[in-house]
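I opened the notebook to record what I looked up in one structure. The entries follow in the order I made them.

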Amino acid sequence: MGLSLTILNQAVIMLILIIAGIICYKIKMITVRGTKEMSSIILQVVNPVVIFLAYQRDFETALLSGLVKCVFLSALAFAAALILSYLLVRGKEGSDKNIERFACVYSNCGFMGIPLVNAMLGLEGVFYLTAFVTVFNLLVWTHGVMQMSGVKSMKSLVCAVRSPAVIAIFAGLATFILRAFVSQGVSDMLTDNIIMKALGYIAELNTPLAMIVAGASIAQINIIGALKKPRIYYIAFLRLLLIPCIIAALLSLIKADFIQILTVTVAMSAPTATMVTLFAIRYEKDYLYASEIFAFTTIISVATMPLIVALSNFLNQG
């Protein structure tokens, strides 16, 4: 239960930071425009730096092999989530169904996944999480866009490859592999220099800034009104419990390192991605409903994520 306790402690810390964000918005220290701008900084600058730094380690063939395995595990997890979303989210027509299916498939793997995995498993976990983020970005900018917009376009794939997160993955992977061809002394110099230290300061902004932005976003929603909608409870149940439990059970059947399995499981058990709101705004869907799902799942995930970690731990080591 050690890992469950770690993730519970980290989730409580995040909840406190979220409350700070709510307060900042309520006293008008953060505006709606400021929330969007801070969100862009996190997605376009901070998260890519965290991902890039995860690769700044001595080259090991086992790590590269593990990364490839994590790509497979992540693809399998998303395939299961996609199938379950189409099977279980039915009976509603129009934009609401598109929003709900998107919310069930895509987790907040960047905002909550990175800091949680980092707290639980360190940079090795974040290193493996980059495989999940790669699959996430490729899918969210292709299937996700088509899901929300209803329009199929190959331009979405180009956008995915050009996103800062994916660029950071390729740049980090290149520097990681480069270390296989240089001496240990040169490798240390690549890691321990003033540029890397500066990037480290940027990376440290990830958890507090992301959670404050999440809190400011939640403050814009009528939580009481959202709690009166039974459908939100159903979507939250799918996103936070049923789908992650099925994926955890599925991954336990595959021969892979526990850290790799746990990393993918934690990323998939995170609350609904903030992109559900951003895409709803962009494609003129019901962004208020999308924001309610994001807010509700974010709050409830403080309790559900430790349960998924405990289940994964039991299935793989129990």
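I looked up the largest pocket and noted a volume of about 440 Å³. I then checked which elements give two or more residues to its lining, and wrote down α2 (32-54), α5 (109-149), α7 (164-178) and α14 (275-282). I sorted the lining by class and got 13 nonpolar, 10 polar and two charged residues.

**Confidence.** I reminded myself that this is a predicted model, so I looked up the pLDDT, the predictor's confidence in each residue. The mean for the protein chain is 82, and 88% of its residues reach 70 or more. Which element has the lowest mean pLDDT? I found that helix α8 (residues 184-191) does, with 59. The highest mean, 93, belongs to helix α12 (residues 230-252).

I looked up the elements of the protein chain and found 15 helices and zero strands.

**Contacts.** I took the contacts in the protein chain between residues at least 6 apart in sequence. Of these, 85% join residues at least 24 apart.

**Burial and surface.** How much of the protein chain is buried? I noted that buried residues make up 51% of its 318 residues.

Key
Residues are numbered from 1 along each chain as its sequence is written. This is a predicted model: local features need pLDDT of at least 70, side-chain atom pairs count only at pLDDT 80 or more; totals for chains, interfaces and linings use all residues. Side-chain values use heavy atoms; hydrogens and water are left out. Helices (H or I, at least four residues) and strands (E, at least two) are DSSP runs, numbered from the N terminus. Buried means under 20% relative accessible area, exposed over 50%, partly exposed in between (1.4 Å probe, protein chains only). Contact means heavy atoms within 4.5 Å. On a 1 Å grid over the protein atoms alone, a cavity is a set of points where a 1.4 Å probe fits but cannot get out, and a pocket is an open set with protein on both sides within 12 Å along at least five of seven lines; lining residues have an atom within 4 Å of a point. Grid points are joined across faces, edges and corners, and a volume is the space filled by probe spheres set on the points. Ala, Val, Leu, Ile, Met, Phe, Trp, Tyr, Cys and Pro count as nonpolar, Asp, Glu, Lys and Arg as charged, and the others, Gly among them, as polar. pLDDT is the predictor's confidence in each residue, from 0 to 100.
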